[in-house]
Amino acid sequence: MSAVRTPVLAGNWKLFKTGSEGAEFVAALGRRLGRIQGVDVVVAPSFTALYQVAQVAVEHGIGVASQDVYWEEQGAFTGEVAPRMIKDTGAGWVIIGHSERRQFFGETNDGVARKVRAVLHAKLRPILCVGELEEQRVAGETEQVLKTQVEAGLSMVEATNMSSLALAYEPVWAIGTGRTATPQQAQEACAFIRELVVEKLGTNAAATVRILYGGSVKPDNAAELMSQDDIDGGLVGGASLEVESFAGIIEQSRATRT
Ligand code: PGA
């Protein structure tokens with residue numbers, strides 16, 4: 001993990017916590033960690049819980065993310081949520097292109113690109129997720145898949161936006177499976193992604209952007225993953241649902257910087 005990039009530890013709560021459960025969680029996490037410094041801690045509840053969680057999170061220096069967004073500012077789009085609505089809840093971040101959205105809800109690279117642009121336009125911070133399926137890794141297609149997803153996701157982004165954007169490398173075969181990528185596999189993929197950013201937006205942009213690893217991150221594997229040069233934090237699913245395990249991951253990650 002680079003000394004110049006503040007790590008991001010983001011908990012993706014998926015379809016689990018209500019507003020009151022989430023608010024209670026961030027209060028407990030805040031008490032457990034004390035004033036958080038040197039790391040951006042973020043939790044991502046469901047849309048309906050954003051406001052309630054953000055109200056408490058702000059008191060503890062914890063950031064809040066939505067798990068998705070729509071790219072239009074307003075209009076006849078029943079069921080959708082616009083960036084400015086997310087901002088109005090007090091949330092500051094938006095997860096875009098998570099593999100579960102891509103796999104189960106028809107998320108496309110084109111949609112991801114529009115969402116990233118809309119989120120940046122609203123002065124929110126995107127966490128852009130990319131990652132290969134198991135069969136793509138086995139077929140030796142990992143780099144091609146990452147290249148397509150990263151280039152599409154960043155197609156409407158300027159170099160100056162990269163300090164407020166995070167990329168998350170999440171191999172789909174490691175999500176929710178307990179099968180973590182090895183630190184070497186994760187580092188290799190994150191270094192490749194950073195190289196793609198160099199080619200597209202230049203070395204300064206690539207040096208600033210935070211690249212997270214996600215996929216079965218746990219307290220006992222966090223330190224080794226987060227100590228890799230090109231890994232600047234984690235996107236954590238299952239292990240972010242309990243205060244103790246999420247706090248453990250945050251502490252382990254913070255310790256790799258000292
Ligand atoms: P996991 O999920 O930590 O449960 O593997 C990660 C994610 O989906 O972001």
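User: Let's start with pockets. What volume does the largest pocket have?

Analyst: Its volume is about 430 Å³, bearing in mind that this is a predicted model. The general idea: rolling a probe the size of a water molecule over the atoms shows where empty space is left.

User: Which residues lie nearest the centre of that pocket?

Analyst: Lys14, Gln67, Asp68, Arg101 and Phe105 do, out of 17 lining residues. By type, the lining splits into seven nonpolar, five polar and five charged residues. Helix H4 (residues 99–104) gives the most to it, with three residues.

User: OK, aromatics next. How many aromatic pairs are there?

Analyst: A pair of aromatic rings is described by the distance of the centres and the angle of the planes. Here the count comes to five aromatic pairs. Take Trp13 and Phe25: the ring centres are 5.0 Å apart and the planes sit at 75 degrees, so that pair is edge-to-face. Trp13 is in the loop between strand S1 (8–12) and H1, while Phe25 is in helix H1, so the pair ties together parts twelve residues apart in sequence.

User: Is Trp13 buried or exposed?

Analyst: Trp13 counts as buried, at 0% relative accessibility, and Phe25 is buried too, at 5%. Now look at Phe104 and Phe105: with centres 6.4 Å apart and planes at 85 degrees, that pair is edge-to-face. Phe104 counts as exposed at 56%, and Phe105 counts as exposed at 54%.

User: And what do the buried residues of H1 pack against?

Analyst: In general, an α-helix has 3.6 residues a turn, so residues three or four places apart point the same way. In H1, the buried residues include Gly22, Phe25, Val26 and Leu29. The buried residues of H1 pack against strand S2 (40–44), helix H2 (50–57) and helix H11 (243–255).

How values were computed: Residues numbered from 1 in each chain as written. Predicted model: local features only at pLDDT ≥ 70, side-chain atom pairs only at ≥ 80, totals over all residues. Heavy atoms only, no water. Buried < 20%, exposed > 50% of the residue type's maximum accessible area, 1.4 Å probe, protein only. Helix = DSSP H or I, 4+ residues; strand = E, 2+ residues; numbered from the N terminus. Contact = heavy atoms within 4.5 Å. 1 Å grid on protein atoms, 1.4 Å probe; cavity = no way out; pocket = protein on both sides within 12 Å on 5 of 7 lines; lining within 4 Å. Points joined across faces, edges and corners; volume = space filled by probe spheres on them. Nonpolar A, V, L, I, M, F, W, Y, C, P; charged D, E, K, R; others polar. Phe/Tyr/Trp six-rings, centres within 6.5 Å; stacked < 30°, edge-to-face > 60°.
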